[in-house]
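Here is a short briefing on one protein chain. Please look over the sequence and the model before reading on.

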Amino acid sequence: MVEQYIPGNTNQLIPYDIKAFCFYGVIKLILIIDKNGAKIKYEWLDENFARIDTGRFKESLFQSNFKNMTLIAYAKN
């Protein structure tokens, strides 16, 4: 597997781990993982960067303010 490097916010020690779940060229879910701090935090977004409730990681959710159109364009290709 090869992944494109997408730079994170310079205020972060470790950039967000971003996973786009695509089905037939359409992004259905985006998972943002923040590994800074003692506890790993998660955020689930739809293809329009709206937060969604998947029922997963409820005790570890956070607000990332992530809106990267580069990710969307790259994932669709």
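Five salt bridges turn up in a search of the whole structure. The model is a predicted one.

**Salt bridges and charge**

- Side chains of opposite charge can pair when their charged atoms come close.
- K19 pairs with D17 in a salt bridge, with 3.4 Å between the closest N and O atoms.
- K19 is partly exposed, at a relative accessible area of 34%.
- D34 and K41 form a salt bridge through their side chains, at 3.6 Å from N to O.
- D34 is buried, with a relative accessible area of 7%, while K41 is partly exposed at 29%.
- R51 and E43 make a salt bridge too, their closest N and O atoms lying 3.9 Å apart.
- R51 is partly exposed at 40% relative accessible area, whereas E43 is buried at 2%.
- D17, K19 and K35 belong to one network, joined by salt bridges that share partners.

- Which side chain of opposite charge is nearest to D46? K67 is, at 9.2 Å.
- D46 is buried but takes part in no salt bridge. A salt bridge needs a side-chain nitrogen within 4 Å of a carboxyl oxygen.
- D46 sits in the loop between β3 (41–45) and α1.
- Leaving out residues up to four places away in sequence, D46 touches K28, I30 and I52.

**Aromatic rings**

- The structure contains five aromatic pairs.
- W44 and F57 are stacked, because their ring planes are at 10 degrees; the ring centres are 6.3 Å apart.
- This pair links distant parts of the chain, 13 residues apart: W44 belongs to strand β3, and F57 to the loop between β3 and α1.
- W44 is buried, with 9% relative accessible area. F57 is partly exposed, at 23%.
- F49 and F66 form an edge-to-face pair, with ring centres 6.1 Å apart and planes at 70 degrees.
- F49 and F66 are 17 residues apart, and both are in the loop between β3 and α1.
- F66 counts as buried, at 11% relative accessibility. F49 is buried as well, at 12%.
- Ring pairs also join F21, Y42, W44 and F57 into a cluster.

**Nonpolar core**

- The largest nonpolar core has nine residues: I27, I30, I32, L45, F49, F62, F66, L71 and I72.
- β2 (26–34) and α1 (69–76) are the elements that give two or more residues to this core.
- Which element gives the most to this core? It is β2, with three residues.
- I32, a member of the core, has contacts beyond four places in sequence with Y16, D17, I18, K41, Y42, E43, L45, F62, S64 and F66.

**Positive phi angles**

- Most residues other than glycine have a negative phi, and most peptide bonds are trans.
- F49 has a positive phi, near 65 degrees. F49 lies in the loop between β3 and α1.
- N65 has a positive phi too, near 60 degrees. N65 is likewise in the loop between β3 and α1.
- Is each of these residues buried or exposed? F49 is buried, at 12% relative accessible area, whereas N65 is exposed, at 57%.

**Overall fold**

- The protein chain has three strands and one helix.
- In sequence order, the pattern is β-β-β-α.
- Of the 77 residues of the chain, 29% are buried.
- Among contacts between residues at least 6 apart in sequence, 21% join residues at least 24 apart.
- The accessible surface of the chain is about 5600 Å². Carbon and sulfur atoms account for 54% of that surface.

Note on methods:
Residues numbered from 1 in each chain as written. Predicted model: local features only at pLDDT ≥ 70, side-chain atom pairs only at ≥ 80, totals over all residues. Heavy atoms only, no water. Core = buried A, V, L, I, M, F, W, Y, C linked by side-chain atoms within 4.5 Å. Buried < 20%, exposed > 50% of the residue type's maximum accessible area, 1.4 Å probe, protein only. Helix = DSSP H or I, 4+ residues; strand = E, 2+ residues; numbered from the N terminus. Contact = heavy atoms within 4.5 Å. Areas by Shrake-Rupley, 256 points an atom, 1.4 Å probe, with all protein chains shown as cover. Lys, Arg positive; Asp, Glu negative; His and termini not counted. Phe/Tyr/Trp six-rings, centres within 6.5 Å; stacked < 30°, edge-to-face > 60°.
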